[in-house]
Amino acid sequence: MKKHNFSAGPCILPKEVLLQASEAVMDFNGSGLSLIEISHRSKDFVAVMEKARSLALELLGLEGQGYEALFLQGGASTQFLMTAYNLLENKAGYLNTGTWSDKAIKEAKLFGDVMEVGSSKDENFKYIPKGYTVPEGLDYLHLTSNNTIFGTQIKKFPKTDAPLICDMSSDIFSRQLDFSQFDLIYAGAQKNMGPAGATLVIIKQDILGKVTRKIPSMLDYQVHINKESMFNTPSVFAVYTSMLTLDWLKNLGGISAIEEINDKKAQLLYSEIELNPVFNGYANKADRSNMNATFNLSDDKLKGEFEKLLQEAGINGLNGHRSVGGYRASMYNALSLESVGVLVDVMSEMERKG
Ligand SMILES: *Cc1c(COP(=O)(O)O)cnc(C)c1O
């Protein structure tokens with residue numbers, strides 16, 4: 001039976017990418033050797049790293065503007081501390097929009113003063129704070145563009161003189177933005193780009209070199225930039241698969257093309273959530289995420305029936321995060337409109353059964 005994979009991460013990847021990646025594990029570029037048993041310094045792998053880095057900048061429209069793309073390890077969680085290690089000298093601002101922002105704040109506090117410019121903790125992160133002021137003189141302002149767990153997404157980014165850092169783990173490459181408004185973007189690969197194990201960091205070079213502390217090499221962005229993202233052995237399989245996904249996206253027509261499909265998927269599901277009395281949306285309407293839709297059953301007694309229908313339809317990964325409960329449909333780039341249609345059919349079937 002065809003599976004419809006709504007998993008929040010690691011998550012669905014394009015079928016053709018999985019096919020190519022698995023072939024490369026057996027025989028990379030016709031070499032008779034596996035991608036994962038050759039030197040990362042070999043000509044063929046160096047070409048992979050170069051292509052992955054340049055595709056990332058190209059898709060974001062950031063080529064030739066002083067940005068570097070790195071594929072690092074340690075997940076987005078290491079970026080929580082690495083950003084502060086490299087950039088926080090006195091005081092940084094954070095917008096607290098959920099569990100991931102909260103964790104980023106906790107790490108940053110090890111390095112300097114942290115000011116929460118806004119928070120939606122009071123309503124368990126159902127909304128994105130607005131109308132907050134960003135004081136002058138911050139080392140940077142840190143945002144989380146998409147809150148994977150709560151299903152909210154920043155639609156309008158604040159204007160500030162401070163360098164803007166954004167955790168885009170769960171919505172990078174999903175919608176068009178002016179990416180040049182950001183000075184540093186990071187994203188764990190496993191939400192919209194590839195398998196776990198690689199973290200994409202897009203960084204504007206000129207924000208570096210301003211802190212006085214000494215930085216260990218592995219945590220120093222400048223070291224990774226100087227070594228073209230090959231300071232140590234990169235996660236070769238994750239980088240290769242990410243490269244394939246970025247290439248897939250480019251061939252599809254880039255971010256503008258995928259955004260159109262993502263909008264359709266989100267509209268289809270959200271209109272069902274709104275019109276169907278069996279379900280209630282979790283996040284505030286104005287701030288709803290196009291990547292992760294969070295919702296609940298209006299009556300918990302229907303749980304058994306709903307989950308039975310989901311299983312029969314081949315729907316996987318719909319359970320909400322433990323801090324929210326209910327359900328979460330993650331609609332990353334590789335998920336088809338058809339899969340969302342199958343979910344919506346199950347939801348309307350629930351309504352018919354009343
Ligand atoms: C999943 C996620 C993280 C954590 O990523 P890891 O790679 O597991 O460290 C951080 N931020 C956001 C927005 C996420 O969705």
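The largest nonpolar core holds 52 residues, and F71, L143, F173, L200 and I202 have the most contacts inside it. Here a nonpolar core is a set of buried Ala, Val, Leu, Ile, Met, Phe, Trp, Tyr and Cys residues joined through side-chain atoms within 4.5 Å. Buried means under 20% relative accessible area, exposed over 50%, and partly exposed in between (1.4 Å probe, protein chains only). A second, separate core has 29 residues, including F306, A313, L318 and V346. In soluble globular proteins, nonpolar side chains tend to be buried together.

The model is predicted: local features need pLDDT of at least 70, side-chain atom pairs count only at pLDDT 80 or more, and totals for chains, interfaces and linings use all residues. Residues are numbered from 1 along each chain as its sequence is written, and side-chain values use heavy atoms, with hydrogens and water left out.

Look at L200 first. Leaving aside neighbours within four places in sequence, L200 is in contact (heavy atoms within 4.5 Å) with A56, A69, L70, F71, I172, F173, I185, Y186, A187 and M193. Two of these partners, F71 and F173, are also among the residues with the most contacts inside the core.

Now the annotated positions. UniProt, in an unreviewed entry, lists A76, S77, W100, T148, D167, Q190, N232 and T233 under "binding site". They spread over 158 residues of sequence and also in space, up to 30.2 Å between C-alpha atoms. Such annotations may be inferred rather than shown by experiment; feature names are shortened, and positions follow the numbering used here.

A76 lies in helix α3, residues 75-87. Helices (H or I, at least four residues) are DSSP runs, numbered from the N terminus. A76 counts as buried because its relative accessibility is 12%. Beyond four places in sequence, A76 is in contact with S169, Y186, G188 and T199.

N232 sits in the loop between α5 (221-226) and α6 (236-252). Its relative accessibility is 30%, so N232 counts as partly exposed. Beyond four places in sequence, N232 is in contact with H40, Q73 and M218.

The "binding site" annotation in the unreviewed UniProt entry also covers R41. R41 lies in the loop between α1 (15-26) and α2 (43-60). R41 is partly exposed, because its relative accessible area is 48%. Beyond four places in sequence, R41 is in contact with V46, M230 and F231.

Last, L252 lies in helix α6. L252 is partly exposed, with a relative accessible area of 36%.

Technical notes:
Helices (H or I, at least four residues) and strands (E, at least two) are DSSP runs, numbered from the N terminus.
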